[in-house]
Amino acid sequence: MITIGDSWSYGDCLGDQGSHAYKGSQEWSQLNSLYRDARLTHCWGRHLSDALSADWFEASTRGSCNDTILIETEWWYHPAADEFLAQYAHVYLCVVLTEAGRANRYHTLTPNPEAILHTEEADCYQRLRQMIKMRPNIHFWFGCNMTRSYNPMHNPNWNGTPWLDVIADRAIAEQGWLSGVASHKLNQMYMQSTVSKSLQQSWKQHFVDHTNKIAPVWKHLHQHKLHYAGHTCHPKPRAHRMYADHVLANAGW
């Protein structure tokens, strides 16, 4: 069982004692083993691997973008992975994408900032299709962390592969970026002194409109008993278990 994603899949904040795990501090250093043991015990990847009586290889990165997630994923179809994969009769590879907008690879100045997100999403889908083609004997499933697809044809049986999103109540989910990571990076690109005022204004308007649209999502997460109430709203142990159960019930393995 190979799990690849961002901080959600990594298990960020599991074992949290009040401070945020991103911040370097004496407390974080002292509690490092507690955080590690909590991740090894409560991550949804642990629950899945235990249910399948499988070894677990966790390859997620906190704060990562989709390009980083897919680079890690694509390593598994290179010949260098053959010897490792040959040890197992069945290999399960689970990829959970993060919000579009974080990856610098797709950042191009445009009057319509949302076009950047559409381009990134479409490229991510193409790279996942290539993964399926290159490793037809691997059991895949894919998903996205908290955001809905821009593609109206997107569905849970995506190209014959289960697609199981991580969404805190489907009705509250939105399209586009949700966290400050993507908005910070896009803001850095648009607000350089060399960028025209018209492009800067288009970004500002998009930022305001989108922030207003996703405000209910963050309010929902902050108040939800299954999420930590910090600025990232990472899921608590029970939420990891629920997502694992959802995957086991719907992956069709």
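Where is the place of H107? H107 lies in the loop between β3 (92-97) and α7 (114-134). The model described here is predicted. Its largest nonpolar core has 65 residues, its aromatic rings form 15 pairs, and four of its strands make up an open sheet.

**H107 and its surroundings**

- H107 has a relative accessible area of 15%, so it counts as buried, the limit being under 20%.
- The side chain of H107 reaches the backbone oxygen of A103, with a distance of 3.3 Å.
- Apart from neighbours within four places in sequence, H107 is in contact with G101, R102, I116, K185, L186 and M189.

**The nonpolar core and W44**

- Within the largest nonpolar core, the residues that touch the most other members are W44, L93, L97 and Y243.
- W44 is buried, at a relative accessible area of 0%.
- When neighbours within four places in sequence are set aside, the contacts of W44 are T3, W8, S9, C94, V96, W141, H240, Y243 and A244.

**Aromatic pairs**

- A pair of aromatic rings is described by the distance of the centres and the angle of the planes.
- The structure holds 15 aromatic pairs, and one of them joins W44 to W141 in a tilted arrangement, 5.5 Å centre to centre with 50° between the planes.
- W44 belongs to helix α4 (residues 44-51) and W141 to strand β4 (residues 139-144), so this pair ties together parts that are 97 residues apart in sequence.
- W141 is buried, with a relative accessible area of 0%.
- W203 and F207 also form a tilted pair, at 5.8 Å centre to centre and 50° between the planes.
- W203 and F207 are separated by about one helical turn because they are four residues apart in helix α9 (residues 197-223).
- W203 counts as buried at 1% relative accessibility, whereas F207 counts as partly exposed at 34%.
- F57, W75, W76, F84 and Y88 are linked into a cluster by ring pairs.

**Charged groups over rings**

- R39 lies over the face of Y10, 3.6 Å from the ring centre.
- K236 has its charged end over the ring of Y228, at 5.8 Å from the centre of that ring.

**The sheet**

- The open sheet has four strands in the order β2-β1-β3-β4, and the pairing is parallel.
- β2 (57-58) and β4 are the edge strands, each pairing on one side only.
- Two bridges connect strand β1 (residues 2-4) with β2 in the parallel sense.
- I2 has F57 in β2 as its bridge partner, and F57 is also one of the rings in the aromatic cluster.

**Backbone angles**

- Most residues other than glycine have a negative phi.
- C13 is not a glycine, yet its phi is positive, at about 80°.
- The position of C13 is in the loop between α1 (7-10) and α2 (26-30), and C13 is buried with a relative accessible area of 4%.
- S53, also not a glycine, has a positive phi of about 55°.
- S53 sits in the loop between α4 and β2.
- Is S53 buried or exposed? At 71% relative accessibility, S53 is classed as exposed.

Note on methods:
Residues numbered from 1 in each chain as written. Predicted model: local features only at pLDDT ≥ 70, side-chain atom pairs only at ≥ 80, totals over all residues. Heavy atoms only, no water. Core = buried A, V, L, I, M, F, W, Y, C linked by side-chain atoms within 4.5 Å. Buried < 20%, exposed > 50% of the residue type's maximum accessible area, 1.4 Å probe, protein only. Contact = heavy atoms within 4.5 Å. Phe/Tyr/Trp six-rings, centres within 6.5 Å; stacked < 30°, edge-to-face > 60°. Lys NZ or Arg CZ within 6 Å of the ring centre and 35° of its normal. Polar contact = N/O pair within 3.5 Å; in protein donor to acceptor, adjacent residues only side chain to side chain. Pairing = 2+ DSSP bridges.
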